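User: Hi! I'm new to this one, could you walk me through it?
Analyst: Happy to, let's bring it up.

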2 protein chains.
Amino acid sequence: MPNLLKQKNAAGKLIEFGMVRHVADNIAHRDSDNVERQSMFQGQGKILIALSQNDGLSQKELATRLDLTAQSTAEFVNKLVKKNLVTKEKSTKDRRMTIIRLTDSGRKMATTESSKVPEFLNVLSDEELDQLTSILTKINSSLYDEINNSDQPTLFEKSQQVIKDHIRDWFL
Amino acid sequence: MPNLLKQKNAAGKLIEFGMVRHVADNIAHRDSDNVERQSMFQGQGKILIALSQNDGLSQKELATRLDLTAQSTAEFVNKLVKKNLVTKEKSTKDRRMTIIRLTDSGRKMATTESSKVPEFLNVLSDEELDQLTSILTKINSSLYDEINNSDQPTLFEKSQQVIKDHIRDWFL
DNA sequence: ATTTTATTGTAAGGGCACCTGATTAAATTT
DNA sequence: AAATTTAATCAGGTGCCCTTACAATAAAAT
């Protein structure tokens with residue numbers, strides 16, 4: 001049974017981290033091409049990530065993997081097409097399907113943008129980095145459990161797969 | 001000079017944390033009153049937090065402190081009024097100004113909602129909690145520095161003040 | 001060959017966080 | 001008293017994520 005005060009301290013720091021990071025992100029992207037603003041956790045970003053792991057998926061496949069409706073998927077894909085991050089192309093095998101592929105700049109966005117090691121990790125020592133990694137590993141698996149035990153059990157595998165694949169990919 | 005591999009590991013975990021937490025949050029709030037969904041870092045949430053630290057501010061004051069336009073502020077305040085989280089009242093001293101105050105439920109939201117210790121901290125030992133707190137302290141102050149050294153130096157004090165006041169407030 | 005099912009697309013709408021521009025009303029300057 | 005500055009508002013717009021409803025096309029099943 002962990003100490004409540006210690007938990008509160010950590011929780012406070014975590015909130016502070018979220019807030020201050022949000023502010024810092026805003027500043028960093030303030031005048032950049034507005035493309036890079038979106039979070040990689042949802043909408044268009046999610047699609048980019050899924051494609052960077054597995055290019056040439058159909059819209060349906062994307063929707064299934066990312067737990068989005070077909071319509072949302074279509075919307076995001078179209079937006080990405082407009083930004084030249086992705087291309088659409090009718091499948092020759094099944095002419096109902098549309099195959100989505102990353103463009104060069106799309107691939108670049110999906111990888112470089114998310115694989116950037118944040119500046120703030122520079123202030124940590126090797127030991128602290130190890131501690132942080134080990135702590136986050138615990139936290140993450142606890143969160144996976146939470147997702148797993150929810151009423152959307154399938155969501156578990158989906159998110160875990162996409163996320164882990166992505167992470168594994170870029171840091172190996 | 002820290003080990004790059006260790007940095008990448010930590011960065012990966014951090015990204016994973018962000019993603020999986022986002023998914024978990026979505027599940028948790030899937031059918032809840034839609035009120036609690038918003039992040040406390042922006043928009044309406046920001047205003048709630050600022051007021052919980054310092055109730056009875058004018059709209060102008062809020063806009064200044066939170067670095068929002070008067071119009072955005074008005075919009076968020078009006079939305080909060082509709083949700084009964086906040087009240088508007090003309091100042092008697094300067095009848096141009098509108099004083100914004102938290103209602104009881106507004107105050108409750110601002111405090112309880114954000115002072116909830118997340119479940120996932122339960123999986124950490126006391127020692128790990130201390131480590132996490134100390135690591136986040138370093139990271140946060142590094143982020144504050146980054147904000148401070150940006151081209152919007154005033155934003156630094158604003159955000160730091162609002163954030164720190166809020167954190168200090170609820171966990172003491 | 002006709003019905004059913006799958007994949008996409010289109011239309012419309014809701015909620016969110018912002019923003020600019022123009023206007024009103026009250027206070028302050030001159 | 002007249003001009004100006006200030007606080008707030010109205011109108012309208014952008015972009016984001018996400019939903020429901022419906023139509024079109026192509027493949028699969030009967």
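User: Is B:S91 buried or exposed?
Analyst: B:S91 is exposed, because 12 other C-beta atoms lie within 10 Å. The rule is that 20 or more other C-beta atoms within 10 Å of a residue's own make it buried, 12 or fewer make it exposed, and anything in between is partly exposed, with C-beta atoms placed from the backbone. Bear in mind that this is a predicted model, where local features need pLDDT of at least 70, side-chain atom pairs count only at pLDDT 80 or more, and totals for chains, interfaces and linings use all residues. Residues are numbered from 1 along each chain as its sequence is written, while chains are lettered from A and ligands numbered from 1 in the order in which they are written.

User: Where does B:S91 lie?
Analyst: In the loop between β2 (86-90) and β3 (98-102) of chain B. Helices (H or I, at least four residues) and strands (E, at least two) are DSSP runs, numbered from the N terminus.

User: And what is B:S91 in contact with, leaving aside neighbours within four places in sequence?
Analyst: B:S58, B:M97, B:T98 and B:I99. Contact means that the C-beta atoms of two residues, placed from the backbone, lie within 7 Å.

User: Switching to helix α4 of chain A: which residues are buried there?
Analyst: A:T73, A:F76, A:V77 and A:L80. Looking down the axis of α4(A), these buried residues fall within an arc of 100°, so they line one face of the helix. The arc is taken over the directions from the helix axis to the C-beta atoms.

User: What covers them?
Analyst: The cover includes α2 (43-53), α3 (59-66), β2 (86-90) and β3 (98-102) of chain A.

User: Which exposed residues sit on the face turned away?
Analyst: On that face, α4(A) carries A:Q71 and A:K82.

User: Last one: how does chain B superpose on chain A?
Analyst: A rotation of 179° with 0.0 Å of shift along its axis does it, at an RMSD of 0.3 Å. That is the relation of a two-fold axis. The superposition is by least squares on the C-alpha atoms of residues with pLDDT of at least 70 in both copies.
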